[in-house]
Amino acid sequence: MSGFSSPFCLRDLILRNNIIYAPMSGCSDFPFRRISREYHEGLIFCEMVKMEPLVRGHKGTLGYLDYSDDMHPIGAQLVGSNPAIAGESAKIIEDKGFDVIDLNCGCPVDKVIRDGSGSGMLKDPQRIGDIVEQMVSAVNIPVMVKIRAGWNNEGVNIEEITRIVEDAGAVAITIHGRTRSQGYSGSVNFEWVKACKAAAKNMLVIGNGDIFDGPSAKAMFDNTGCDGILVARGMLGNPWIAEDIERYMKGGDILEHSTEERRSALARHFSYMLEYKEERKALLEMRRVGCWYFKGLPRSSEFRGALMKAETKEAVWNLIKQSCADE
């Protein structure tokens, strides 16, 4: 299979389509997922959580896993390098009612890889397999794995990791077509995603990297033969990106989303933030979130500057209203 698919199955989990919204630390929180669900009926992930504090019952870590019943299908992503607690961590996730578990072996951030977690796991493929095996044996829901192509250009080991995690029981592997050393620089390498697809026997392969619209999603499908796509940075300020991709993949036109449409979505996003967070925290986070929706539009820099100075929710509401009036 290659290209848009509806429905899409992860073992017995039947999804609306093969477009997945990624777990993004510091971004895909409860309000973010609430606005995303208005536009996307497929799989959506919570933010990544660490295994160690999860098994300890750390309150802050558990908070990352908040979701409402209307957010199904919902996935959780674990990060950690200790096989001894992998099964217990996965069982906690299953018991919380999640539909899917993903193991993160791709995060390039220094504080994550310090203990060998995230993309640090790429240096030890067998450990990845051991952790996946423990997770699969502990739960009945599907287990996925997220990787990068390798630690660096000299350490690209896609085929080896793909074979190991499939043998360990993973139902799908998501590959970001960059190495850890690249971060987000340069362009995604389709050949690496293609190599992962070629190495998989029956396991599904999800392509990831530089998917920002319908044409880039089609390029990922066409150039790699992947079974599905994971959208990450392309979601920011574009909760409707799954609809855009589906429309384009079915031969439809590329739609330009009006300032009014963006204003309306941002207003709802902000209201969800105020419902879920303390007002001061919501105001601080809006300085980042608000800029996503108007990036590249006329007077967006003025909006960003004013948002940085807003001290009350009333001030933010006025700015959102003015952003539309100024168009």
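Biologist: What classes of residue make up the lining of the largest pocket?
Modeller: The lining of the largest pocket has 20 nonpolar, 13 polar and 15 charged residues. Here Ala, Val, Leu, Ile, Met, Phe, Trp, Tyr, Cys and Pro count as nonpolar, Asp, Glu, Lys and Arg as charged, and the others, Gly among them, as polar. This is a predicted model, in which local features need pLDDT of at least 70 and side-chain atom pairs count only at pLDDT 80 or more, while totals for chains, interfaces and linings use all residues. Residues are numbered from 1 along each chain as its sequence is written, and side-chain values use heavy atoms, with hydrogens and water left out.

Biologist: What makes a space a pocket or a cavity?
Modeller: On a 1 Å grid over the protein atoms alone, a cavity is a set of points where a 1.4 Å probe fits but cannot get out, whereas a pocket is an open set with protein on both sides within 12 Å along at least five of seven lines. A lining residue has an atom within 4 Å of a point. The largest pocket is lined by 48 residues, and Met-24, Ser-25, Gly-26, Glu-47 and Met-48 lie nearest its centre.

Biologist: What is the volume of the largest cavity?
Modeller: About 40 Å³, where a volume is the space filled by probe spheres set on the points, joined across faces, edges and corners. Its lining includes Pro-23, Phe-45 and Asp-102. Asp-102 is called charged because Asp is in that class.

Biologist: Which residues line the second largest cavity?
Modeller: Among them are Gly-26, Cys-27, His-269 and Trp-292. By class, this lining has 5 nonpolar, 2 polar and 3 charged residues.
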